[in-house]
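Let's walk through this model together, strand by strand and then on to a pair of helices. Please keep the structure open beside the text as you read.

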Amino acid sequence: MKTFLTPAILVLSLFIGTQSAQATGDTKTTQLATNIYTIDLLHYTSLVVIGEEEVLITDTANPYRANLLKQEIQSLTEKPVGKIVLSHEHFDHTGGTAVFPDAEIIAHENIHDYEELDPLDMVPDTIHQTFSTHMTIDMGTTQVELQHMGIADGAAVAIVHLPAENIVLSADMYVDEGLGRGVYLTDTNLLGVRKTLKTLISWQPKHAINVHSSSTDLAPLVATAKFLDDLYDLVLPEIKNTLATNPSQLVPRIIEMSENLKMPAYKDWPNYQDLPVYIRKMSFAIIHGG
């Protein structure tokens, strides 16, 4: 049974915050600000914050990647990894923390719900700190803010925000171009994703880190939020009309909408063919929250 406990060389970029990066094989390390890096490795990007005494990182993912991540961090600093923040509870993000045995694991409190629901044993056996809506971590060199805005892609979502550097990190809510494959939306509440992305945009970040992308450009986040707004505006009137006239036919109407409704403005987007899945997911989020 898992237990939960609640409450050396520094590589300098010539141009901080640019896309100048050191790439080694499948590893790409980019400096976003003083003491702030991203490491893109094996289809996951981890935020690295070098503090006065220790390092904070996000999403080790799995033991194989975690060992490579550890080597790359050691090329940046001799300071130990002291904190690992989990962006959410999906098991492909939470594995590998044991590679950093002295690190404190931090996650949103809903990760409690996955105790004994983890057959691959990917969720860390011990979560040292959890939070409800907000947590501030003082690294000495900067402050790291963790925020939970409700369910989105998963239930234990932790948005990472560095206010001084104007950097945000989220996971699994958008892709670099177009739509994510519909098959990946099994644990996604599109109303929650829409709410979260709109909040991130309101912060006007300089860098928006998406865990499954090496890009920190804000444009994909903005484009996805606009798509979700348009999707919401498309299905909500249909749902309201059916509730008012024949509520017993609400689910059949949603299925019918998914087969017939189109969004021509997005027809050239990658994976537009999966629009029916998005229509169903948004509609069911509206009528029963999931």
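Val48 has Ile57 of β6 as its bridge partner. The two strands involved, β5 (residues 44–50) and β6, are paired in the antiparallel sense over three bridges, where pairing requires that DSSP finds at least two bridges between two strands. With four residues between them, β5 and β6 form a hairpin. Strands here are DSSP runs of E with at least two residues, helices are runs of H or I with at least four residues, and both are numbered from the N terminus.

Before going further, a word on the source: this is a predicted model, in which local features need pLDDT of at least 70 and side-chain atom pairs count only at pLDDT 80 or more, while totals for chains, interfaces and linings use all residues. Residues are numbered from 1 along each chain as its sequence is written, and side-chain values use heavy atoms, with hydrogens and water left out.

Strand β7 (residues 81–85) in turn pairs with β8 in the parallel sense over three bridges, with Ile84 standing opposite Ile105 in β8.

Why is β8 (residues 104–108) largely enclosed by the rest of the structure? Four of its five residues are buried, so the strand is largely enclosed. Strand β8 also pairs with β10 (residues 129–131), in the parallel sense and over three bridges; there, Thr130 of β10 is the bridge partner of Ala107.

Finally, turn to the helices. Two packed helices are described by the angle between their axes and the distance between the axes. The axes of α5 (residues 250–260) and α6 (residues 275–288) come within 8 Å and cross at roughly 155 degrees; axes are lines fitted to C-alpha atoms, for helices over the stretch in contact, and angles run from 0 to 180 degrees between N-to-C directions. The two helices are therefore roughly antiparallel to each other, a term for angles over 145 degrees.

Key. Buried means under 20% relative accessible area, exposed over 50%, partly exposed in between (1.4 Å probe, protein chains only). Angles under 35 degrees count as roughly parallel, over 145 as roughly antiparallel, 65 to 115 as roughly perpendicular and the rest as oblique.
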